[in-house]
Structures are given as C-alpha cells and as structure tokens.
Amino acid sequence: MGGQTADQGIIKNGENIFRVTDVQKNKGGKYLHSGTVITGGFSVGDKVETTLDVERRNAIRRAHSATHLLQKALQNVLGDHVHQAGSYVEADYLRFDFTHFSAVTPDELRQVATQVNDEILSGLNVDIQEMPIDQAREKGAMALFGEKYGDVVRVVDMGGWSIELCGGTHVDNTAKIGPFRIVSESSIASGVRRIEAVTGKLYLTQVEDSYHLLARSAALVKAQPAELAEKLTDVLQNVKTLRQNLDKVQDQLMSGEVERFLFAAKNIGGLKVLTTTIPNVGTDDLRRMGDKIRDKEPDCVAVFAGINGEKLTFLAVCGKEAVAKGIKAGDIIKEVCAVAGGHGGGKAESAMGGGKDILMTDNALAIVDDIVARKLGI
C-alpha cells in the first residue's frame, strides 16, 4: 500500500514450501499472498510457519524513511507548495513524484540531497504512534492531499524534523538509512516532477561499480584514477591536433585531385565541364570537393558520382559565371539522378541527389555535356 513494495519470504508446512513474491490487500481487507509453490502442496486448515526476507525488509525500510526526509527537504528548498503526487518504494530505491512548476536545478538538487544526508547523519530517532487524527493534525503531521483517513491514524515522527501520516515500514533511527543519493530528476506531467534516489547497500554497490569503471578507464590511458581528468584532457588535445593535421593532408590531396579533374575538363560554350566517379567517398568529402572546384573556377560545371559501398550519390556544382549563363546545378542533378533511378535537387550553385542503380552511373554522367549544351542553346 501507499507505494511501498510488499515483503517477500517463505510459507512452509513441513516439506511443503510456498515462496511469497507479493502481498496485496483486497477490498475486503484480506491480505492476499501471491507466489509459487516450490514443493508439495497446501490445504485449508494447514498450520504453517512464515519466514520473512529480513534483509529485503530492512532495505525497504531504508528507502521508505529516506522518502519522508526527501519530501521535507524538497519543501524546505523549493517551497511549501510541494506535495506528494505519487511514490514507489522498494529495496534501497525510491521514486517520488511531487508538485512543482519547473525543473529542479542542479544546485537545488544538491541542497535537497545535503539536507537529507545531514538528517541521516544526525541519527534522528523515529517514533511511530497511532493517535486520533485531530491529535495528529495538532502535532503537525503531513497528510496526503485527497487521501481519506479514519479516526485513528499512524504517525511517523522523525525527530520532529519530518512528521507524516504513514502505514509503511521504517527504520527506528535515520542513521540506519545509510548514504542517500539522487540519481535523476525529470518531468512526468504538467506541474509534476519525479525524483529517483538510492540508499544503503544499493548506493554502496553503485559507488563500487563506478570506482571500478573509473579505474578501468584510467588504466586504458595509463593513469591513476585521480589523474584521469588531466590525462583525458591531454588525449583529447592530441586527438584534436591529429585531426587538424589529417584535415590539412586531406585538403592537400583534395587540391591535387581538383587540379587533375580540371585538367580533364571539356570546354562547352566557354564553360569548363567535367564529370567523374569517385569511389569510397562520403557525402561531406564530396561536398568539400565540389566547393573547392566551384570556388576555384567560376566558369565550371562539375558533376561527381560518389560510390560508397552500395550507395550512389551525385553532386553537381556550378560557378558564378556558369550560373549567370543559365546553368543551374539543381536542374542538372534532377536529370542525372533520374537516369540512375533516383532523384535529387538543390540550388543553382550546388545540388545533391542519389541513384538506385550503380550500373547506370556512367550513363548518368554521360548526359551532362548534352544538358549544358542544350541550356546554352548550342
């Protein structure tokens, strides 16, 4: 009930064993135990022994008590408008939904977590009493908005710092909660936020896993964990330098390719028209190649076919003088791509498209001279 996951354990009668995985209260007030018969069988009237999974129960207690501290800390940091809008508590894990009008900032989350951990370290005694609801209200007990309560209620008082009506299981001192850490904060609906957090052994397990991951990462770059940030900074700077050097080499190689392509260009109506196929090239490099040629030769019309695996990409570029004479890359690319079973488009200076039939690449490039001549009226 109330978002707290059920206890688990064993019900047995001699060699007959039933493992309980869930317990729910029905409308008639009966507690229904769900699970699996591991061995034997059971009959009405059997006398049985029950064994509780105490370690799991203690972990649930830690998380549930931390939820109460969390709600109070949220109200202290964000304001009294914060109210619970739902919760889920299991072994050393909690999910808490609350009303708030905006995302909780990292600084606010730090303040909330600090307050919770401070009250854990303070070792507040947890006093649980049943009392008339009017007395509970006088005591300042926090109740869930819209929840119906009977004449007698159960009050969980954590050293006077957090006082709530609650029917769940709790530690008897906040120090037993152990470390607390918020792992996420998010929006789940308009005006409703969600915080997820861990406590106790789950927190310790996550910290240990994080340390081992940090140690493995440090070992990869031959550093101690404390030196990892500095070492990674050096590695990233080296990678950046290598990429810059690689880009320079690629630019030089590309410039050489541009000169070679221009040497083979045809003169059609005073324009330099060139077509070529470039294997193993990506679209970004194809664009860079086209930009270099267009910027270098204002009177050029160039169409490239880039083949990368099974992918066929066409790029057309036109220099300023070519565009002034009515030659547009977008018009050329549409006709070229169509020959290879594809389509494309773009602006007058640059256009790109794709083809489906790589075997038609040469045929597609072969029509470029005729397109230019036709548009020039030659």
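Tutor: Helices and strands are DSSP runs, a helix having at least four residues and a strand at least two, numbered from the N terminus. The model discussed here is predicted.

Student: Which helix and strands each supply at least two residues of the lining of the largest pocket?

Tutor: The contributors are helix H1 (54-78) and strands S2 (16-25), S5 (84-90), S8 (152-158) and S9 (162-165). H1 gives the largest share, five residues. The lining comprises 31 residues, and Met1, Gly2, Cys166, Gly167 and Gly168 lie nearest the centre of the pocket. By class, 10 are nonpolar, 14 polar and seven charged. The space in this pocket is about 970 Å³.

Student: How many aromatic pairs does a search of the whole structure find?

Tutor: The search finds two. Planes over 60 degrees apart count as edge-to-face, and planes under 30 degrees apart as stacked. For phenylalanine 18 and phenylalanine 42, the ring centres are 6.4 Å apart and the planes stand at 85°, so this pair is edge-to-face. Because phenylalanine 18 belongs to strand S2 and phenylalanine 42 to the loop between strands S3 (31-39) and S4 (49-52), the pair ties together parts 24 residues apart in sequence.

Student: What of the pair formed by phenylalanine 96 and phenylalanine 98?

Tutor: Their ring centres lie 6.1 Å apart with planes at 15°, so the pair is stacked. Phenylalanine 96 is buried at 0% relative accessibility, and phenylalanine 98 is buried at 0% as well.

Student: Where do the buried residues of H6 fall, seen down its axis?

Tutor: In H6 the buried residues are Leu286, Met289, Gly290, Ile293 and Arg294. They fall within an arc of 130°, so they line one face of the helix. Asp284 and Asp295 are exposed on the face turned away from that buried side.

How values were computed. Residues are numbered from 1 along each chain as its sequence is written. This is a predicted model: local features need pLDDT of at least 70, side-chain atom pairs count only at pLDDT 80 or more; totals for chains, interfaces and linings use all residues. Side-chain values use heavy atoms; hydrogens and water are left out. On a 1 Å grid over the protein atoms alone, a cavity is a set of points where a 1.4 Å probe fits but cannot get out, and a pocket is an open set with protein on both sides within 12 Å along at least five of seven lines; lining residues have an atom within 4 Å of a point. Grid points are joined across faces, edges and corners, and a volume is the space filled by probe spheres set on the points. Ala, Val, Leu, Ile, Met, Phe, Trp, Tyr, Cys and Pro count as nonpolar, Asp, Glu, Lys and Arg as charged, and the others, Gly among them, as polar. Buried means under 20% relative accessible area, exposed over 50%, partly exposed in between (1.4 Å probe, protein chains only). The arc is that of the directions from the helix axis to the C-beta atoms. Rings of Phe, Tyr and Trp (its six-membered ring) pair if their centres lie within 6.5 Å; planes under 30 degrees apart count as stacked, over 60 as edge-to-face and the rest as tilted.
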